[in-house]
Amino acid sequence: MNAHGDFIWYELLTRDADAAADFYGPVVGWASSPSGQPGMDYRFFHSGDVMTMENGVGGYMAITPDMAAHGARPCWLGYVAVDDVDASCAAAIAAGGTIQMPPMDLEGVGRMAMVADPAGAPFYVMRGASDETSHSFAKYEPRQGHGAWNELATSDPRGAWDFYGKLFGWAKDGALDMGPLGEYEFLKSDVVIGAIMPKMPDMPVSAWTTYFRVANIDAAAATIAARGGTLLQGPMEIPGGEYSLTALDPQGAVFGLVGPRP
């Protein structure tokens with residue numbers, strides 16, 4: 001079972017679900033399959049041929065006209081496990097956040113809500129219907145194709161630490177000095193799960209970026225370009241000797257990758 005404050009799922013909102021599968025499959029090495037959820041075309045990305053709790057990574061769906069009318073745009077969103085969705089929503093409001101989608105139940109899946117932190121970065125909180133452990137985010141050991149890092153770029157890092165500390169108990173665990181760009185501060189639950197950093201001036205909004213693990217960062221970068229994506233940064237070496245990059249998929253969703261340079 002995942003603990004309160006664990007990342008347990010990732011979700012891509014996209015303009016074209018078929019095109020998304022054609023892009024991310026070769027880039028990250030994912031297979032995809034329909035969820036079977038009645039009344040909606042929601043699909044799964046997974047690191048093995050058949051979707052299981054062990055290899056499930058995330059979901060994806062096309063943005064509906066109604067979602068677009070309410071401001072939805074292509075993006076990746078993270079789901080964070082909570083013990084009580086309604087209590088977490090109340091705590092988020094008390095800490096200066098807002099509720100973007102009120103708590104709702106999805107049969108056989110669980111109860112969830114979409115929250116935005118005080119700087120406007122959105123994410124989901126969720127209590128699953130099952131106590132099975134999600135391995136979508138590889139929290140304790142690397143998993144090919146799974147979430148490897150969760151990075152928040154925000155207009156208010158100090159406010160973010162206060163908000164997420166109150167909501168999930170996350171704490172700072174050291175930092176890298178980026179000079180005039182500010183500090184890259186490591187984010188810890190029981191282990192380090194990501195980082196918080198100042199939003200760069202060219203970023204339109206505060207947002208989370210998920211980094212997924214690949215086997216060969218250079219091959220992935222070449223595939224991104226060949227498939228119509230755009231490299232934003234990297235590959236660049238990171239502590240530990242691996243490399244990371246950030247990119248836009250062909251429909252405009254930002255994502256990150258991390259992996260070795262064989």
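In this predicted model, a search of the whole structure identifies two cavities of 30 Å³ or more. The table sets out their volumes and the classes of their lining residues.

| Cavity | Volume | Nonpolar lining residues | Polar lining residues | Charged lining residues |
|---|---|---|---|---|
| Largest | about 50 Å³ | five | four | one |

The lining of the largest cavity consists of Phe7, Tyr10, Trp76, Leu77, Gly78, Asn150, Glu151, Trp208, Thr209 and Thr210. Two or more of these residues come from each of strand 1 (7-14), strand 5 (75-81), strand 9 (147-154) and strand 13 (207-213). The second largest cavity is lined by Phe7, Val80, Phe123, Tyr164, Trp170 and Trp208.

**Nonpolar cores**

The largest nonpolar core comprises 51 residues, and those touching the most other members are Tyr24, Trp76, Phe123 and Leu257. Helix 1 (residues 17-28) makes the greatest contribution to this core, giving seven residues. A second, separate core holds 15 residues, among them Cys75, Ala81, Met112 and Met114.

Which residues are in contact with Leu257, leaving aside its neighbours within four places in sequence? The contacts of Leu257 are Val27, Val28, Tyr211, Phe212, Val214, Ile217, Ala220, Ile224, Tyr243, Ser244 and Leu245.

Strand 13 is largely enclosed by the rest of the structure, because seven of its seven residues are buried. In a regular strand, side chains alternate between the two faces of the sheet. In strand 13, Ala207, Thr209, Tyr211 and Arg213 point one way, while Trp208, Thr210 and Phe212 point the other way, and all are buried.

Strand 13 runs antiparallel to strand 9, and six bridges join the two. Within strand 13, Thr209 is the residue opposite Glu151. Strand 13 also pairs with strand 16 (residues 254-259), in the parallel sense and over three bridges. Here Phe212 has Leu257 of strand 16 as its bridge partner.

**Strand 12 and its partners**

Why is strand 12 (residues 192-198) described as largely enclosed by the rest of the structure? The reason is that six of its seven residues are buried. Strand 12 pairs with strand 9 in the parallel sense over five bridges. Glu151 has Ala195 of strand 12 as a bridge partner.

Strand 11 (residues 183-188) is joined to strand 12 by four bridges, and these two strands run antiparallel. Ala195 in strand 12 is the bridge partner of Phe186. Three residues lie between strand 11 and strand 12, which form a hairpin.

**Phe44**

Phe44 belongs to strand 3 (residues 43-46). Is this residue buried or exposed? Phe44 has a relative accessible area of 18% and counts as buried, because the cut-off for that class is under 20%.

Leaving aside neighbours within four places in sequence, Phe44 is in contact with Trp9, Ala31, Ser32, Ser33, Pro34, Ser35, Met51, Gly58, Gly59 and Tyr60. Asp190 lies 146 residues from Phe44 along the chain, and the C-alpha atoms of the two are separated by 28 Å.

Methods:
Residues are numbered from 1 along each chain as its sequence is written. This is a predicted model: local features need pLDDT of at least 70, side-chain atom pairs count only at pLDDT 80 or more; totals for chains, interfaces and linings use all residues. Side-chain values use heavy atoms; hydrogens and water are left out. On a 1 Å grid over the protein atoms alone, a cavity is a set of points where a 1.4 Å probe fits but cannot get out, and a pocket is an open set with protein on both sides within 12 Å along at least five of seven lines; lining residues have an atom within 4 Å of a point. Grid points are joined across faces, edges and corners, and a volume is the space filled by probe spheres set on the points. Ala, Val, Leu, Ile, Met, Phe, Trp, Tyr, Cys and Pro count as nonpolar, Asp, Glu, Lys and Arg as charged, and the others, Gly among them, as polar. A nonpolar core is a set of buried Ala, Val, Leu, Ile, Met, Phe, Trp, Tyr and Cys residues joined through side-chain atoms within 4.5 Å. Buried means under 20% relative accessible area, exposed over 50%, partly exposed in between (1.4 Å probe, protein chains only). Contact means heavy atoms within 4.5 Å. Two strands pair if DSSP finds at least two bridges between them.
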